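My notes are below the picture.

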Amino acid sequence: MKKYTVFKYLAFAFLLTFAINAHAQTDSTWTQNQLMQPAVLANMLKTNAASVTIISVGPFSDIPGSIHVGMVKDADNLAKFKTQLSKMNKNKKIVVYCGCCPFDHCPDIRPAMQTLKEMKFTNYYLLDLRHNLKVNWIDPGYPVVKE
């Protein structure tokens, strides 16, 4: 009887872990194709920065040339984000990022991506900062704003 109970708990733990990981890797707010790798954006900045609009929807704006609207979980900053977007061509390549924390905890990327979708933008991406800006952008040596 005791072996059965242990097995039952282990099976439950495995299924729970699988479900959590599956949710973290696939989010209905964006597709896998909408995740832009940091190296790709860094290369764009080097070769053709004018081809992309980068918008920071988090607490800081450390990527050169990015527009800082602030944390869009706040209504005022979300309104600022929408105003910024209303001035743009719907087909313009846009990359949003926050970088404050891992995706599964970030309160800002989902409202940003949802807003782009609702406003019918067609060429928008989320910078793939799975851990945070420091780990996925700064530590690899990609360009940052000089203070």
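These entries go from confidence to the sheet, then to one residue.

**Confidence.** I started by reminding myself that this is a predicted model. I looked up the mean pLDDT of the protein chain and got 86, with 82% of its residues at 70 or more. I then checked residues 6-26, where pLDDT stays under 50 and the model has one contact beyond four places in sequence. Where pLDDT is low, the predicted coordinates should not be read in detail, so I moved on.

**Sheet.** What is the order of the five strands in the sheet? I read it as β1-β5-β4-β2-β3, an open sheet with parallel pairing. β1 (35-36) and β3 (67-68) sit at the edges with a single partner strand each, so one side of each has no neighbour in the sheet.

M36 stands opposite L127 in β5.

**A helix over the strands.** I noted that helix α4 (residues 109-118) lies across β4 (94-97) and β5, and that α4 runs at about 170° to β5.

**T53.** I picked T53, which lies in strand β2. Is T53 buried or exposed? Its relative accessible area is 13%, and the cut-off for buried is under 20%, so I put T53 down as buried. Leaving aside neighbours within four places in sequence, I listed its contacts as I67, M88, K92, K93, I94 and V95.

Methods. Residues numbered from 1 in each chain as written. Predicted model: local features only at pLDDT ≥ 70, side-chain atom pairs only at ≥ 80, totals over all residues. Heavy atoms only, no water. pLDDT = per-residue confidence, 0-100. Contact = heavy atoms within 4.5 Å. Pairing = 2+ DSSP bridges. Helix = DSSP H or I, 4+ residues; strand = E, 2+ residues; numbered from the N terminus. Axes fitted to C-alpha atoms, helices over the stretch in contact; angles between N-to-C directions. Buried < 20%, exposed > 50% of the residue type's maximum accessible area, 1.4 Å probe, protein only.
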